[in-house]
Amino acid sequence: MNRPKVQKYVKPKHIDDYPVGPQFTAGFLAETNAGWRTFRPIIDKNLCINCLRCYIVCPDGVIFKSENKVDVDYDYCKGCGVCAHECPVNAIKMVKEELL
Amino acid sequence: MNNTDIKRITPKNITDKEFFYGHKACAGCGGSLAVRLALKVLGERTFAVLPAGCMSAVGFIYPQMAFVNNAIISTFPGAASMASGISVGARALGLKDYKTVVFAGDGGTADIGIQALSGAIDRNEDIIYVCYDNEAYMNTGIQKSGLTPYGTKTTTTPAGKNIHGAQTFKKNLFEIMAAHEIAYAATASVGYPQDYIDKINKAKHTKGTSFIHVYATCPTGWGIPTEIAIQIAKEAVDSGLFYLAEYQNRNFKLNKNPKSFFPVKDYLLKQSRFKHLTDNDIKIIEQQRDEKWEYMRKHWN
Ligand SMILES: Cc1ncc(C[n+]2csc(CCOP(=O)(O)OP(=O)(O)O)c2C)c(N)n1
Ligand code: SF4
Ligand SMILES: [Mg+2]
């Protein structure tokens, strides 16, 4: 697996259900970050030249390589807009969530 | 090891795996990009140590664990000591092919953690220390640190009628580290991600202590729109207010020596932390920059 996915968090009922350390296991994500987003990046795959600029500069690592283009994990994209701003060919548009 | 002996890591061949994922950093956070890229270069067999600061705060929110590799929070002043202990402890257990890295803020490095860091470099511990510099104590609500530049408005250096923000200049952190005759030291910026990747890769292949000072945008603390987070970190370098350099084998090297600078004013006035600066304040900042560059051009390379 290249990136962790959201998992169901079951609240511990017994002391034995708690993790040994202060945290759950590496990559344990109990919720998504999608609710933070006001604008959603939409990639036009016809315009994308696969330069991977957006992939490298994404602070959340939510852009991934897919069939010689890039795609977005919308569960964890916060909508910062860095990808759209940095894209050299304007292949990414930021669209307001409620308009989608 | 020479630069040329190391296989270059590029966007094409870098691992598809993410090791810092689902974290709660603000949108557009440069510090989180610095952590993400470094871990992609260093790989899964890396122990990460994070003192108090945004990157520990956003990565370990119980029950969430945004690090996919081994990671632990240290005391605020003790990140370099904890990393030292992990590095030698793992060796004593017979572990091979692993790295130990610290991700600490500017406050956690230039002020609070500097003693432990100095000790680790003195002992030449086999660790990589990354200082992500967002130029203030951000996690506690923007207080001035030793790396906050002149004129910055923070909650402890407000912009008043008489005093226009911070009255001190950035501490010379990179040269302080180099003065230890450290195995490898470099400055970088999230605005130049390939250069940063190259330097982390070099640190990965350096035996002994490496130190990387990476300029990392904080949209929340700087008062900028999130989408220009990378652009502004590039402009900091292009305007000469931050520089890209390396130190190794008693030699300093400037990686970028521009003939002309991007206008300082255009860089500063995009950010609400500098909005109050007068032309005279900006002149002081430019003057200090020019003195620094005169020194670097004369003595480095
Ligand atoms: C000994 C101690 N003093 C103070 C604090 C409170 N504290 C937590 S994070 C932080 C700010 C850290 O600033 P910096 O190192 O620049 O990292 P940033 O938050 O900017 O990423 C402070 C003061 C603490 N956790 N421990
Ligand atoms: S306050 Fe700044 S450094 Fe901290 S998570 Fe937000 S953007 Fe990053
Ligand atoms: Mg800071």
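**Entry 1: charges over rings**

I started at B:Arg273, whose charged end sits over the ring of B:Trp222, 3.9 Å from the ring centre. For this I required NZ of Lys or CZ of Arg within 6 Å of the ring centre and within 35 degrees of the ring normal. This is a predicted model, where local features need pLDDT of at least 70, side-chain atom pairs need 80 or more, and totals for chains, interfaces and linings use all residues. Residues are numbered from 1 along each chain as written, chains are lettered from A and ligands numbered from 1 in written order, and side-chain values use heavy atoms without hydrogens or water.

I then looked up a case that crosses chains. The charged end of B:Arg36 sits over the ring of A:Tyr55, 5.5 Å from its centre. A:Tyr55 lies in helix H1 of chain A, residues 53-57. Helices here are DSSP runs of H or I with at least four residues, strands are E runs of at least two, and both are numbered from the N terminus. Is A:Tyr55 buried or exposed? A:Tyr55 counts as buried, at 2% relative accessibility. Buried means under 20% relative accessible area, exposed over 50%, and partly exposed in between, with a 1.4 Å probe and protein chains only. From A:Tyr55 to A:Pro12 I noted 37 Å, C-alpha to C-alpha, at 43 residues apart in sequence.

**Entry 2: aromatic pairs**

I looked up ring pairs over all chains and found 21. The rings of B:Phe20 and B:Phe67 are stacked, because their centres are 4.6 Å apart and their planes at 25 degrees. Rings of Phe, Tyr and Trp (its six-membered ring) pair with centres within 6.5 Å; planes under 30 degrees apart are stacked, over 60 edge-to-face, the rest tilted. B:Phe20 lies in the segment before helix H1 (30-42) of chain B, and B:Phe67 in the loop between helix H2 (54-59) and strand S2 (70-73) of that chain, so the pair ties together parts 47 residues apart in sequence. B:Phe20 is buried at 1%. B:Phe67 is buried at 0%.

I traced an open sheet of eight strands with mixed pairing, in the order S2-S1-S3-S4-S6-S5-S7-S8. Two strands pair if DSSP finds at least two bridges between them. S2 and S8 (251-254) are the edge strands, each pairing on one side only. S7 (residues 245-248) and S8 run antiparallel, joined by four bridges. B:Glu246 stands opposite B:Lys253 in S8 of chain B. B:Gln248 is placed in S7 of chain B and counts as partly exposed, at 22%.

**Entry 3: a hairpin in chain A**

Strand S2 (residues 63-66) of chain A is joined to S3 of chain A by four bridges, and the two run antiparallel. A:Lys65 stands opposite A:Val70 in S3. Two residues lie between the strands of this hairpin, and A:Glu67 takes a positive phi near 50 degrees.

**Entry 4: ligand 2**

I listed the residues around ligand 2: B:Ala25, B:Cys26, B:Cys29, B:Cys54, B:Asn134, B:Cys218, B:Pro219 and B:Thr220. Near means a heavy atom within 4 Å.
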